[in-house]
Amino acid sequence: MSDGGTVRVVVAGHGQFAEGVRTAVAQITGHPDVVVPVSNAGASPEEIERRLDAALAEAGGGPIFTDLPAGSCTIAARRLQRRLPGLVVVVGANLAAVLEFVLGDVADPVAAAARAADRGRSALTTVPPAAS
Amino acid sequence: MPIVLYRIDDRLIHGQVVVGWGQPLDLTRILLVDDDVAASDWEQELYRMGVPPGVEVLFLGVDEAAERLPELQRDARRAIVLVGDVRTMADFVARAAAPVPAVNLGGVHHAAGRTQRMRYVFLTAEEERLLREIAARGVTVTAQDVPAARPVPLETVLAGTGDG
């Protein structure tokens with residue numbers, strides 16, 4: 001996240017997932033650079049880590065939101081946690097979770113990430129078909 | 001045959017394996033064959049956390065996996081043998097105590113010294129030699145990143161025309 005300006009976060013995932021989240025956040029918040037997107041497309045595990053490192057530098061730190069628990073972006077993010085002890089990773093992120101973080105109070109990033117995960121979970125529901 | 005896939009994938013356990021292959025093949029067991037991972041509790045925990053409930057992960061060194069292959073093939077659970085590089089698969093196939101019918105080249109990404117052969121396959125000359133060595137043992141080697149893609153024969157991969 002930034003050190004005083006707009007909060008920035010890293011979102012990482014398969015294909016264009018992260019870029020899709022970036023554009024969706026931009027549409028809702030009006031800020032096109034809040035999300036620093038990372039894709040694992042075509043990348044070795046080592047290259048994914050390098051991309052995440054670069055994204056963290058651009059964003060001014062974590063957290064990293066990843067798309068799948070088993071995904072290579074999540075694996076790489078967890079490897080980064082070994083040498084970046086303060087780094088938080090939010091796994092299985094959706095748009096609601098990312099928005100909760102970037103629009104919320106991030107004074108305590110660990111707590112903010114936990115609230116984001118809660119919001120993401122609560123946003124997931126099913127709507128049964130209307131009775132005919 | 002309970003071991004339904006023998007796959008080379010440098011990302012090891014990841015979305016494409018767990019979801020992309022795991023669901024269509026109805027996998028309930030992953031046999032991750034790698035000497036470094038088999039020797040590291042932390043690495044095993046890292047890969048184990050991504051596996052859905054109901055899927056068992058077994059971490060084996062190359063020698064143990066090769067020796068136990070007959071027993072592993074007799075197990076009723078539908079399984080995948082997963083290795084992270086061509087050298088490990090070549091060693092495994094060479095030492096295996098039972099026949100390995102086919103090897104899936106699922107993902108070997110760019111690194112220094114490698115030449116691109118397909119969108120998801122980059123190989124050094126040594127890795128190409130090892131793949132031919134595997135094939136010379138009667139193993140069918142094809143490249144196929146996801147089940148919906150057509151399997152590409154090894155010689156087509158090595159000719160660099162597999163994405164055509």
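**Stop 1: helix H1 of chain B**

Start with H1(B), whose buried residues pack against strand S1 (3-9), strand S4 (79-83) and strand S5 (102-107) of chain B. Contact here means heavy atoms within 4.5 Å. Helices (H or I, at least four residues) and strands (E, at least two) are DSSP runs, numbered from the N terminus. Before you go on, note that this is a predicted model, in which local features need pLDDT of at least 70, side-chain atom pairs count only at pLDDT 80 or more, and totals for chains, interfaces and linings use all residues. Residues are numbered from 1 along each chain as its sequence is written, chains are lettered from A and ligands numbered from 1 in the order in which they are written, and side-chain values use heavy atoms, with hydrogens and water left out.

Now select residues 15-25 of chain B: the buried ones are B:Gly15, B:Val17, B:Val18, B:Trp21, B:Gly22 and B:Leu25. Buried means under 20% relative accessible area, exposed over 50%, and partly exposed in between (1.4 Å probe, protein chains only). Just after this helix, click on B:Asp26, which has a positive phi of about 55°.

**Stop 2: H4 and H5 of chain B**

Select residues 62-74 (H4) and 86-95 (H5) of chain B: they pack at an angle of about 40°, with axes 8 Å apart. Axes are lines fitted to C-alpha atoms, for helices over the stretch in contact, and angles run from 0 to 180 degrees between N-to-C directions. Show side chains for B:Val62, B:Asp63, B:Ala65, B:Ala66 and B:Leu69 on H4(B), which meet B:Thr88, B:Asp91, B:Phe92 and B:Arg95 on H5(B).

Is it buried, exposed or partly exposed? At 42% relative accessibility, B:Arg95 counts as partly exposed. Leaving out residues up to four places away in sequence, B:Arg95 touches B:Val62, B:Asp63 and B:Ala66.

Next, pick B:Phe92. Along with B:Val103, B:Phe92 touches the most other members of the largest nonpolar core, which has 40 residues. Such a core is a set of buried Ala, Val, Leu, Ile, Met, Phe, Trp, Tyr and Cys residues joined through side-chain atoms within 4.5 Å. Beyond its neighbours within four places in sequence, B:Phe92 is in contact with B:Tyr6, B:Val62, B:Ala65, B:Ala66, B:Leu69, B:Val81 and B:Val100. Another core, of 21 residues, lies apart from it and includes A:Val9, A:Ala97, A:Phe101 and A:Ala112.

**Stop 3**

Select residues 41-48 of chain B, which make up H3(B); B:Glu43, B:Gln44, B:Leu46 and B:Tyr47 are its buried residues. Look down the axis of H3(B): these residues fall within an arc of 160°, so they line one face of the helix. (The arc is that of the directions from the helix axis to the C-beta atoms.)

The axes of H3(A) and H3(B) come within 10 Å and cross at roughly 145°. On H3(A), A:Ile75, A:Arg78, A:Arg79 and A:Arg82 meet B:Trp42, B:Glu43, B:Glu45, B:Leu46 and B:Tyr47 on H3(B).

**Stop 4: H4 and H5 of chain A**

Finish on residues 95-103 (H4) and 109-123 (H5) of chain A, whose axes come within 7 Å and cross at roughly 145°.
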